[in-house]
Amino acid sequence: MTEVTYYTQDGLDKLKEELQQLKTTGRQLISKAIAEARDKGDLSENAEYDAAKEAQGLHEAKIAKLEATLSTARLIDESKLDTSKVLALSIVKIKNIKNGATMSYQLVAESEADLKTGKISVKSPIAKGLLGKSVGDKTEIEVPAGKIEFEILEISR
């Protein structure tokens with residue numbers, strides 16, 4: 001059974017755009033490379049042709065993977081999100097109890113995760129530890145560096 005993945009409108013649009021680019025421009029470039037390699041003569045000893053055909057296979061596999069991802073993708077209506085609990089797409093402000101540092105993360109699908117912009121995957125250890133919690137809750141989360149205790153300060157969307 002395939003796993004449903006939830007996306008923001010922006011994340012879903014990026015996936016669709018990438019798929020469209022791979023199907024059009026990407027396929028044209030690979031087709032051109034195969035044709036050029038074929039024109040160079042004997043295919044049985046043509047490494048360029050073999051490399052172009054292998055690139056084509058990898059390209060088609062990437063297209064198939066994106067299509068599979070899109071087939072299980074679901075758009076979350078952010079206006080209907082409950083802000084009393086941490087859910088996918090929630091923006092959560094947390095405080096590290098030990099050192100007092102505060103940070104803010106948005107919980108997103110794996111393919112949308114980007115730590116530089118404060119987006120972490122819902123499958124990450126921190127996100128898993130925060131899911132379902134409410135403002136004021138304290139939670140101990142196992143991360144690669146050990147256990148860290150966090151307090152949830154704010155939940156928004």
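**Exercise 1. State which residue forms a salt bridge with Asp10, and where the pair lies.**

Solution. Asp10 forms a salt bridge with Lys14, with 3.6 Å between the closest N and O atoms. The term requires a side-chain nitrogen of Lys or Arg within 4 Å of a carboxyl oxygen of Asp or Glu. As a general point, side chains of opposite charge can pair when their charged atoms come close. Finally, the total for the structure is 6 salt bridges.

The model is predicted: local features need pLDDT of at least 70, side-chain atom pairs count only at pLDDT 80 or more, and totals for chains, interfaces and linings use all residues. Numbering starts from 1 along each chain as its sequence is written, and side-chain values use heavy atoms, with hydrogens and water left out.

**Exercise 2. List the secondary structure elements of the protein in order.**

Solution. Count first: the protein has 3 helices and 7 strands. These are DSSP runs numbered from the N terminus, helices (H or I) of at least four residues and strands (E) of at least two. Then read them from the N terminus: β-α-α-β-β-β-β-α-β-β.

**Exercise 3. Compare the radius of gyration of the protein with that of a compact globule of 157 residues.**

Solution. The globule would have a value near 15 Å, whereas the protein has 22 Å. The radius is taken over C-alpha atoms, and the globule rule is 2.2 Å times the number of residues to the power 0.38. For the outline, the C-alpha atoms fill a box of roughly 70 × 35 × 30 Å along the principal axes.

**Exercise 4. Describe the interface of domain 1 and domain 2.**

Solution. Begin with the bounds: domain 1 covers 5-75 and domain 2 covers 78-156, as given by an automatic or database domain assignment. Their centres, taken over C-alpha atoms, are 35 Å apart.

Next, take the contacts (heavy atoms within 4.5 Å): 5 residues of domain 1 touch 5 residues of domain 2.

The buried area is about 480 Å², with 57% from carbon and sulfur atoms; this is accessible area (1.4 Å probe) that the two parts lose on being put together, summed over both. In domain 1, Tyr6, Tyr7 and Thr8 lose the most area to domain 2, together 75% of what that side buries.

Last, check the element and the charges. Strand E1 (residues 5-7) gives the most to the domain 1 side, with 3 residues.
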